[in-house]
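Dear colleague,

Please find below the structure for your review. My notes on it follow directly after.

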Amino acid sequence: FGVSGQIAPKLTAGVEYSQFISGQPSVAFKDERNIEFSLKYADGDKDSKVTVNPYAKLFWAFDSKSSTVVLGKAGGTFDVELGAVPTYKFEGGGSISAPTWVTVGPKTYWGKRGDLIDDSNFGVFSTGLKGSVPLTFFKGGAGASVYAQVQYYHLINDNLEAARTILTRSTGKDKVTFGAGLSYGF
């Protein structure tokens with residue numbers, strides 16, 4: 001759960017509490033509690049066709065029971081997501097965007113042992129495409145749209161690839177996901 005709000009023109013701040021629950025704590029990880037802080041800048045005007053929309057998120061793993069990335073330091077650590085959501089708006093309200101980001105953090109966030117596989121501060125790089133079309137039959141203050149997206153993820157840090165193998169028994173540094181859905185809001 002979380003809350004966000006505009007703190008200055010074009011600038012939104014947010015805070016969110018999340019809990020990761022492991023189905024098999026003895027195999028993977030113990031339940032974790034985390035807080036994420038965000039700042040998002042809306043660089044365009046309401047009628048702008050092209051915007052960049054940069055943002056930063058600080059993910060604080062404050063709970064010392066387990067590591068969010070399995071092999072990393074347990075609690076008292078963080079990573080930072082730096083990204084942007086370049087967007088093009090079409091006439092009639094549809095849009096296409098390219099959510100792109102990279103995570104950075106202390107080397108111990110990704111791996112806590114002395115035999116770190118990859119002694120890097122970088123975690124994940126991701127980019128994708130998302131298309132959205134408004135549903136115009138909703139009236140009043142609510143808005144709705146349908147969307148489809150594809151997102152590519154590259155695990156920069158070798159410790160994340162090792163953690164992925166532990167959790168999912170899959171290997172490799174690259175993954176592509178596809179999604180579609182309905183978005184509804186006020």
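This is a predicted model: local features need pLDDT of at least 70, side-chain atom pairs count only at pLDDT 80 or more; totals for chains, interfaces and linings use all residues.

Residues are numbered from 1 along each chain as its sequence is written, and side-chain values use heavy atoms, with hydrogens and water left out.

Strands (DSSP runs of E, at least two residues, numbered from the N terminus) pair if DSSP finds at least two bridges between them. Strand E10 (residues 122–135) pairs in the antiparallel sense with strand E8 (residues 95–97) over 3 bridges, and Ser95 stands opposite Ser132 in E10. E10 is also joined to strand E9 (residues 100–104), again antiparallel, by 4 bridges. A further antiparallel pairing, over 12 bridges, links E10 to strand E11 (residues 143–155); here Gly131 has Ala148 in E11 as its bridge partner.

Asn34 lies in strand E3 (residues 32–41). Asn34 counts as buried (under 20% relative accessible area; exposed is over 50%, partly exposed in between; 1.4 Å probe, protein chains only), because its relative accessibility is 1%.

The whole structure holds 5 salt bridges (a side-chain nitrogen of Lys or Arg within 4 Å of a carboxyl oxygen of Asp or Glu). One of them joins Arg33 to Asp63, with the closest N and O atoms 3.1 Å apart. Arg33 lies in strand E3 and Asp63 in the loop between strand E5 (54–61) and strand E6 (77–84), so the pair ties together parts 30 residues apart in sequence.

Yours sincerely
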